[in-house]
Amino acid sequence: MKAFLITLALILAIPSATFARDIFKIQVGRDYDRYSNKELRRRVWELERAVAQLQDQVFQLAMDKGHSSTADWTCHIQSFSKTHVASGRTKASAIAQVLKKCSDATSSVHCAERDVVCSNE
């Protein structure tokens with residue numbers, strides 16, 4: 001038991017980024033009564049690695065989601081009393097998309113970048 005606790009302490013001390021390189025797949029066991037103590041320790045180790053990897057991915061997704069909501073841009077332009085709206089991750093991509101929508105609906109002559117209004121709220 002002491003060796004297991006020492007091993008567990010070493011595992012927890014290793015940064016989770018170490019595990020990011022490999023993808024760990026959990027295999028569901030059938031008969032836990034027949035596993036040896038060594039096999040059970042190996043399975044716990046594999047579960048800990050998989051959980052650490054999953055946790056890193058969840059945190060990354062949460063951070064990306066929080067970041068993207070503040071980085072999205074929406075732009076609009078009016079041409080012949082019609083408003084064209086487009087969004088993008090960057091201001092430049094939103095401008096390009098709204099200008100394309102405008103020129104597809106009318107003509108690029110009537111869609112000038114100086115007339116585009118953007119916000120990231």
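Student: Before we start, what counts as a helix here?
Tutor: Helices (H or I, at least four residues) are DSSP runs, numbered from the N terminus. This is a predicted model, where local features need pLDDT of at least 70, side-chain atom pairs count only at pLDDT 80 or more, and totals for chains, interfaces and linings use all residues. Residues are numbered from 1 along each chain as its sequence is written, and side-chain values use heavy atoms, with hydrogens and water left out.

Student: OK. How many salt bridges are there?
Tutor: Two, from a search of the whole structure. A salt bridge is a side-chain nitrogen of Lys or Arg within 4 Å of a carboxyl oxygen of Asp or Glu.

Student: What does D104 pair with?
Tutor: K100. Their closest N and O atoms are 2.9 Å apart.

Student: How far apart are D104 and K100 along the helix?
Tutor: About one helical turn, because they sit four residues apart in helix 3 (residues 91–105).

Student: Is D104 buried or exposed?
Tutor: Exposed, at 54% relative accessible area. Buried means under 20%, exposed over 50%, and partly exposed in between (1.4 Å probe, protein chains only).

Student: And R42, what is its partner?
Tutor: E46, with the closest N and O atoms 2.9 Å apart. Both lie in helix 2, four residues apart. R42 is partly exposed at 39%, and E46 is partly exposed at 26%.

Student: New topic. Which residues form the nonpolar patch on the surface?
Tutor: V28, Y32 and L40, with about 300 Å² of accessible area together. Accessible areas come from the Shrake-Rupley method with a 1.4 Å probe; for residues, only the protein chains shown count as cover. Patch residues have over 30% relative accessible area and no salt bridge; like charges are joined within 9 Å, nonpolar side chains (Val, Leu, Ile, Met, Phe, Trp, Tyr) within 5 Å.

Student: Where is L40 found?
Tutor: In helix 2 (residues 37–71). L40 is partly exposed, at 33%.

Notes
Helices (H or I, at least four residues) and strands (E, at least two) are DSSP runs, numbered from the N terminus.
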